[in-house]
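I opened the model to look up strand pairing, the nonpolar cores and some backbone angles. My entries follow in the order I made them.

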Amino acid sequence: MSGLNKGVGKVEVALKWDPSPAGAPAHDLDIIAGVYTADAPYGPPAYLVHFDSRSPDGTITLHRDSRTGQGFGYDEAMTLELPRLADRYARVVVGVAIQQSGGRLTFGEVARTGVRVREGYTDLLDDDLASVADATAVAIAEFVRDGADGWTFRPLLRGFDTDPGDFGAVMGARHS
C-alpha cells in the first residue's frame with residue numbers, strides 16, 4: 001500500500017439484540033457476508049459466510065453465533081481480514097437477517113437491536129437499525145477494493161423484506 005492512506009484492514013462486525021419475551025419463539029439474528037469477484041462485483045456472490053461457516057481461505061470468520069440474543073452486549077461477531085483476500089475479490093457486503101422460523105419478524109419487533117463495525121478501537125458504524133424497522137434483513141456495510149489504498153468502507157443500511165436464504169442472493173445487488 002502506498003501513501004499515508006492504507007484503507008480499511010481487519011474489521012469486526014458485531015450484532016446485539018435482546019431475547020424474545022417469555023413464551024415467544026426465540027429471536028435469531030444472523031450476520032451474513034457476501035464476497036464478490038472483480039468480474040461481477042454486483043452479480044451473485046462468489047461465496048457467503050454465515051452461521052456454521054467461514055470463508056474458504058479463512059479471511060472471514062463468524063466466531064460468535066447466538067440463536068437467542070442472550071448474553072451481555074454484542075452476542076454475535078464476525079471478523080473480516082480484508083487485506084488477506086485474494087486479488088480476484090473486489091467487494092464484500094455484510095448484512096444481518098432475521099430467521100423467520102417463528103413467523104414474520106422485523107427489526108422493529110426485536111428489542112434493543114444494534115450493529116457495530118469496528119476497526120481496532122475505531123467505530124466505523126454504530127447503529128440501532130431503527131431506520132430499517134420494517135425490514136427482515138439489512139445490508140449494513142460494503143467494503144470495496146480501492147487499488148493501492150486497499151479497501152474502502154461504505155455504510156449501507158438498506159432494508160429488505162426477505163428470508164435469510166433469499167437475502168444472500170440479493171444483499172449485494174446494485175441499488176438504484
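I began with strand 5 (residues 76-81), where five of the six residues are buried, so the strand is largely enclosed by the rest of the structure. I took buried as under 20% relative accessible area, exposed as over 50% and partly exposed as in between, with a 1.4 Å probe and protein chains only. Helices (H or I, at least four residues) and strands (E, at least two) are DSSP runs, numbered from the N terminus.

The model is predicted, so I kept to local features with pLDDT of at least 70 and side-chain atom pairs at pLDDT 80 or more, while totals for chains, interfaces and linings use all residues. Residues are numbered from 1 along each chain as its sequence is written, and side-chain values use heavy atoms, with hydrogens and water left out.

Pairing came next; two strands pair if DSSP finds at least two bridges between them. I found strand 5 paired with strand 1 in the antiparallel sense over six bridges, with Val13 opposite Met78 of strand 5. Strand 1 (residues 10-16) is also joined to strand 7 (residues 114-119) by five bridges, and these two run antiparallel. Here I noted Val115 of strand 7 as the bridge partner of Leu15.

Val115 also has a bridge partner in strand 8, Asp127. Strand 7 and strand 8 (residues 122-127) run antiparallel and are joined by five bridges. Their hairpin has two residues between the strands, and Gly120 takes a positive phi near 60 degrees there.

I then checked positive phi in residues other than glycine. Arg112 has phi near 55 degrees and is found in the loop between strand 6 and strand 7. Arg112 counts as exposed because its relative accessibility is 63%. Leu129 has a positive phi of about 65 degrees and is found in the loop between strand 8 and strand 9 (137-145). I looked up its accessibility too: Leu129 is buried, with a relative accessible area of 1%.

Last, the cores. A nonpolar core is a set of buried Ala, Val, Leu, Ile, Met, Phe, Trp, Tyr and Cys residues joined through side-chain atoms within 4.5 Å. The largest has 37 residues, and Leu80, Val92, Ile140 and Phe143 have the most contacts inside it. Strand 6 (residues 89-98) gives the most to this core, with five residues. A second, separate core of nine residues includes Ile32, Ala97, Ala137 and Met171.

I listed the contacts (heavy atoms within 4.5 Å) of Val92. Not counting residues up to four places away in sequence, Val92 touches residues including Ile60, Leu80, Leu82, Phe143 and Trp151.
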